[in-house]
Amino acid sequence: MTIEIVSQAKTFGGWHKQYTHVSATTNCTMRFAIYLPPQASAENKVPVIYWLSGLTCTDENFMQKAGAHRIAAELGVAIVAPDTSPRGEGVPDDPEGAWDFGLGAGFYVNATQEPWRKHYQMYDYIVEELPALVESVFPVSQQRAITGHSMGGHGALTIAMKNPERYVAMSAFSPISSPINCPWGQKALGNYLGSDRSTWQVYDASVLMRSSGVKIPALVDQGEADSFLKEQLKPEALEEAAEASGYPLELRRHEGYDHSYYFIATFIEDHLRFLASHF
């Protein structure tokens, strides 16, 4: 699999690099970023934390705004940040140009409906293709953890719970906790998966947490001043599911914090240390 470098910068003794590659899963050119800490070498392969971004974002939002490189360098972990959807000529978008669906809003599912099915296979891209590529090219191990924000928080939680053998721990900032019960999720899942709501449940973190057999450690942070809290995010659904199933979830609420990267930058160190502690 051929990859091409887009940019690179040295930071905290390691390297932040952007790459593109032609994806067989999404049938288009994808971009991702990787931070390699100074400890990474052919003789010392480091574990990887995958970061999944939210609606309208790309790999750049997290890498430029979260302030994660310093802690990753100290901990000796790599961070991989993919794009949030397929892009490029021929990739369909929301016909009305809405920001909460289509380009930038892949929702980390495998679409089954036309015209989305050909390209919008973000679940398989994140779970299978991207890790295989990263592990074949860079000095990283097969130890993985996963985290994300908003739509990416939904993706991180659902992907980890559906693949507990692949991830040692999971975390999320302001996740869409029950997409089958919120407007963002209903729009995305209805279009990507069709009108049969029974097919939506395998991409709902609260449903999965309530019924999960194998459990992995989970940390979730939620700002109490988040404008999307009540209508879209619904963290209480996760709390209720964890209580019902005995899931090892720590969900922290923070007064005054909103949905922005100011919130993420404040608590990213906690999340990286939490995830790295399970490697």
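Guide: Start with how segments get their names: helices and strands are DSSP runs, numbered from the N terminus. On that basis Phe-12 sits in the loop between S1 and strand S2 (14–23). Keep in mind that this is a predicted model.

Visitor: Why is Phe-12 called exposed?

Guide: Its relative accessible area is 53%. Exposed means over 50%, so Phe-12 qualifies.

Visitor: What is phi of Phe-12 near?

Guide: Phi of Phe-12 is near 50°. That is a positive value in a residue other than glycine.

Visitor: Which loop holds Thr-56, and why is Thr-56 called partly exposed?

Guide: Thr-56 lies in the loop between strand S4 (46–52) and helix H1 (59–65). Its relative accessible area is 48%. Buried is under 20%, exposed is over 50%, and partly exposed is in between. So Thr-56 is partly exposed. Phi of Thr-56 is near 75°, again positive in a residue other than glycine.

Visitor: What makes Thr-11 buried?

Guide: A relative accessible area of 17%. The cut-off for buried is under 20%, so Thr-11 counts as buried. Thr-11 belongs to strand S1 (residues 3–11). Leaving out residues up to four places away in sequence, Thr-11 touches His-16, Tyr-35 and His-69.

Visitor: Why is Val-168 called partly exposed?

Guide: Val-168 has 26% relative accessibility. That falls between the 20% and 50% cut-offs, so the label is partly exposed. Val-168 is in the loop between H4 and strand S7 (170–173). Its contacts, not counting residues up to four places away in sequence, include Arg-144, Ile-216 and Phe-279. Ile-216 is 48 residues from Val-168 along the chain, yet their C-alpha atoms are separated by 6.5 Å.

Visitor: How do you know that H4 is largely enclosed by the rest of the structure?

Guide: Count the buried residues. In H4, 11 of the 12 are buried, so the helix is largely enclosed. Among them are Met-151, His-154, Leu-157 and Met-161.

Visitor: How does the span of H4 (residues 151–162) compare with the expected one?

Guide: H4 reaches 16 Å from its first C-alpha to its last. That is close to the 16 Å expected at 1.5 Å a residue.

Visitor: Which residues touch the most other members of the largest nonpolar core?

Guide: Phe-32, Ile-146, Met-170 and Tyr-192, in a core of 67 residues. Helix H3 (residues 122–137) gives the largest share, eight residues. A second, separate core has 27 residues, including Ala-72 and Leu-219.

Visitor: What makes the peptide bond from Glu-114 to Pro-115 cis?

Guide: Its omega is near 0°. Pro-115 is in the loop between strand S5 (78–82) and H3.

Note on methods
Residues numbered from 1 in each chain as written. Predicted model: local features only at pLDDT ≥ 70, side-chain atom pairs only at ≥ 80, totals over all residues. Heavy atoms only, no water. Helix = DSSP H or I, 4+ residues; strand = E, 2+ residues; numbered from the N terminus. Expected span 1.5 Å × (residues − 1). Buried < 20%, exposed > 50% of the residue type's maximum accessible area, 1.4 Å probe, protein only. Core = buried A, V, L, I, M, F, W, Y, C linked by side-chain atoms within 4.5 Å. Contact = heavy atoms within 4.5 Å.
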